[in-house]
Amino acid sequence: MTTIIALFLTTAFAYIPPSRMILERVSENSGSGVYALEQEVQFSNAQESLFLKENWLIESDQSMSLVVTGTKDLKDQIKMHFVYAGGLRWSLSSKRESQRLSEDFLEKYFHLRTTDRLAAALLQIKVLPPHALGKKPLPKTVDGFKNEPEDFVRLSKTGGVVNYAYGLPSPVDGIANSGLWIEQDQFYIRKLRLPSQVEISADNYNAYSRGLSLPKIRTIRWGQNTVTIRLISVSGKAPNTSGQFQPSSLNTPVKLDGLNNLPAKDVVTEFYSRFR
């Protein structure tokens, strides 16, 4: 009997659903409608820790607004306001300016609300191969149905839980491959590695209104740098905030005076140019 139970558990553990189903469940965790998020971003080094406050307004992965301010003595010394629309990031200096989103823009991966948009993002960073979600012809009989393993996904334990790991396993020596780790039971994004070797891990998920689930803690690592993001609050907003996703809503010029002479200056500057 023990052998039968062990064999059953091994078989259950080894089963991996079709990728389209997995990605659909992931996108369902992205909620619907407009949300306001308050976050604390911590930049640490041997000398000090610098904390910045982020206020996001998010309608989708293509429609966002972000206001960044300093904390404590830096409250009025650091200010940034960005609007994300149609693949561009808008900001205000002497005039409104736009630039294409960085390939390392991270926030979108937690707000991709359809299977197709999530799949397209993963194809772009080479986590999924081009043939990943191709439609297969339906069998003519019930006996023809079978679960065919996909060579680009495997089971892997990360963050203390079993995950569906997408992407090729990384070589022991050499550059790590890009990859995505999705929690097996809850379909949460637990880790993401981009082609640039940037890694983000996500822990302590909570459920919010209208089907949104987000991690309380995210850790971003690149080179010798580590930045921690703590989610403070999440609230659903009425759909009358569309004007705040327009470049015309920008009213806060970028101000970084408070970073002068601080050891964290270069890390903060790189973080908001690459990942935000």
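Biologist: What share of the contacts in the protein chain with a separation of 6 or more comes from residues 24 or more positions apart?

Modeller: Good place to start! Keep in mind that this is a predicted model. Here, residues 24 or more positions apart make up 53% of the contacts with a separation of 6 or more.

Biologist: How much of the protein chain counts as buried?

Modeller: A residue is called buried when its relative accessible area is under 20%. By that cut-off, 43% of the 276 residues are buried. As for the accessible surface, the total is about 14,900 Å², and carbon and sulfur atoms account for 53% of that area.

Biologist: Let me try one residue. Is S19 buried or exposed?

Modeller: S19 counts as buried, because its relative accessibility is 1%. You will find S19 in helix α2, which covers residues 19-28.

Biologist: Which residues is S19 in contact with, leaving aside its neighbours within four places in sequence?

Modeller: Those are L133, E150, F152, V153 and Y166.

Biologist: Now a whole helix. Which residues are buried in helix α4?

Modeller: In α4, residues 265-274, the buried ones are V268, F271 and Y272. They lie on the same side of α4, because they cover an arc of only 85° around the axis. The general idea is that an α-helix has 3.6 residues a turn, so residues three or four places apart point the same way.

Biologist: How much space lies in the second largest pocket, and which residues lie nearest its centre?

Modeller: A pocket, by contrast, is an open set of points. The second largest pocket has about 450 Å³ of space. Its lining comprises 21 residues, and L101, S102, E103, K108 and Q124 are nearest the centre. Sorted by class, that lining has nine nonpolar, six polar and six charged residues. Helix α3, residues 115-124, gives the most to this lining, with four residues.

Note on methods: Residues are numbered from 1 along each chain as its sequence is written. This is a predicted model: local features need pLDDT of at least 70, side-chain atom pairs count only at pLDDT 80 or more; totals for chains, interfaces and linings use all residues. Side-chain values use heavy atoms; hydrogens and water are left out. Buried means under 20% relative accessible area, exposed over 50%, partly exposed in between (1.4 Å probe, protein chains only). Contact means heavy atoms within 4.5 Å. Accessible areas come from the Shrake-Rupley method with a 1.4 Å probe; for residues, only the protein chains shown count as cover. On a 1 Å grid over the protein atoms alone, a cavity is a set of points where a 1.4 Å probe fits but cannot get out, and a pocket is an open set with protein on both sides within 12 Å along at least five of seven lines; lining residues have an atom within 4 Å of a point. Grid points are joined across faces, edges and corners, and a volume is the space filled by probe spheres set on the points. Helices (H or I, at least four residues) and strands (E, at least two) are DSSP runs, numbered from the N terminus. Ala, Val, Leu, Ile, Met, Phe, Trp, Tyr, Cys and Pro count as nonpolar, Asp, Glu, Lys and Arg as charged, and the others, Gly among them, as polar. The arc is that of the directions from the helix axis to the C-beta atoms.
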